[in-house]
Amino acid sequence: MKAAKIFLWGAADLRDFLTPQDEAGDCFPFALSFVIAMNPQIMASIQYGPNQSYADEYVKVNNCINEFSQKLESEIISRGFQAKALAASERTDNIHIKGDFPHKTAATRAGLGWIGSNCQLVTHAFGPWIRLGTVFTDLELPCGPPVGRTFCGTCIRCVEACPAAALKKNEWYPGMPREEILDAQACDQWKKEHYFHYNKGHTCGICSAVCPYGLKILKQPA
């Protein structure tokens with residue numbers, strides 16, 4: 001597999017959060033968070049619905065994240081510390097539609113971006129056209145500063161574009177419950193009903209594709 005390019009990364013102080021546990025049963029206090037960008041042409045192509053190219057890119061980038069996360073975990077452990085990689089896009093709770101810990105929480109705490117009105121991490125450089133990786137550790141790291149506010153302004157393009165009407169047009173703040181931004185059940189059900197042939201309905205991406213922070217990438221020189 002071609003080596004992944006890490007475009008953004010940082011360390012997050014998670015001592016105030018319930019993170020996965022280490023071998024001693026203690027929560028990991030820190031995490032390394034990193035960003036791999038999606039192909040911008042593919043992202044732009046799904047403004048009216050996903051396609052097979054997007055589904056393939058989604059899987060490819062997630063595989064790169066998992067490969068890099070495992071290598072980073074092994075490297076930290078080899079230096080005498082504990083570490084645990086968080087799998088990319090893996091659900092461990094199908095009822096509440098979530099994983100073991102939100103990648104987005106680690107990323108905002110690491111200062112990489114904010115949570116947009118689409119309930120995705122948005123970065124200044126790539127918008128939400130990214131995937132996230134997280135590796136927990138007890139290695140004390142220089143962290144943050146955390147992002148404490150949204151930079152979406154009055155833009156609600158993602159809200160208007162959501163075919164499931166699952167986005168609630170609320171402005172994010174740190175610690176905000178996901179339910180105040182996104183109706184996860186409505187989002188998930190719509191994807192399963194309309195896009196099951198793409199990764200079993202777990203991809204859509206419209207709300208990310210229409211984000212101005214992502215679309216501006218297309219205007220940059222190649």
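**Figure 1. The loop between β6 and α4, with P145.** In this predicted model, P145 belongs to the loop that runs between β6 (130–137) and α4 (157–161). The peptide bond joining G144 and P145 is cis, with omega of about 5°. Most peptide bonds are trans.

Figure 2. Most residues other than glycine have a negative phi. C119, which is not a glycine, has a positive phi of about 65°; this residue sits in the loop between β4 (114–115) and β5 (121–122). Its relative accessibility is 4%, so C119 counts as buried. K169, also not a glycine, has a positive phi of about 65° and is placed in the loop between α4 and α5 (184–194). With a relative accessible area of 53%, K169 is exposed.

Figure 3. The model contains 5 salt bridges, among them the pair R15 and D13, whose closest N and O atoms are 2.6 Å apart. R15 is exposed, at a relative accessible area of 53%. A salt bridge also links the side chains of R79 and E75, at 2.7 Å from N to O. R79 counts as exposed at 59% relative accessibility, whereas E75 is partly exposed at 37%.

Figure 4. Side chains of opposite charge can pair when their charged atoms come close. In the salt bridge between D188 and K192, the closest N and O atoms are 3.1 Å apart. Both residues lie in helix α5, with D188 and K192 4 residues apart, about one turn of the helix. D188 has a relative accessible area of 6% and is therefore buried, while K192, at 36%, is partly exposed.

Terms used:
Residues are numbered from 1 along each chain as its sequence is written. This is a predicted model: local features need pLDDT of at least 70, side-chain atom pairs count only at pLDDT 80 or more; totals for chains, interfaces and linings use all residues. Side-chain values use heavy atoms; hydrogens and water are left out. Helices (H or I, at least four residues) and strands (E, at least two) are DSSP runs, numbered from the N terminus. Buried means under 20% relative accessible area, exposed over 50%, partly exposed in between (1.4 Å probe, protein chains only). A salt bridge is a side-chain nitrogen of Lys or Arg within 4 Å of a carboxyl oxygen of Asp or Glu.
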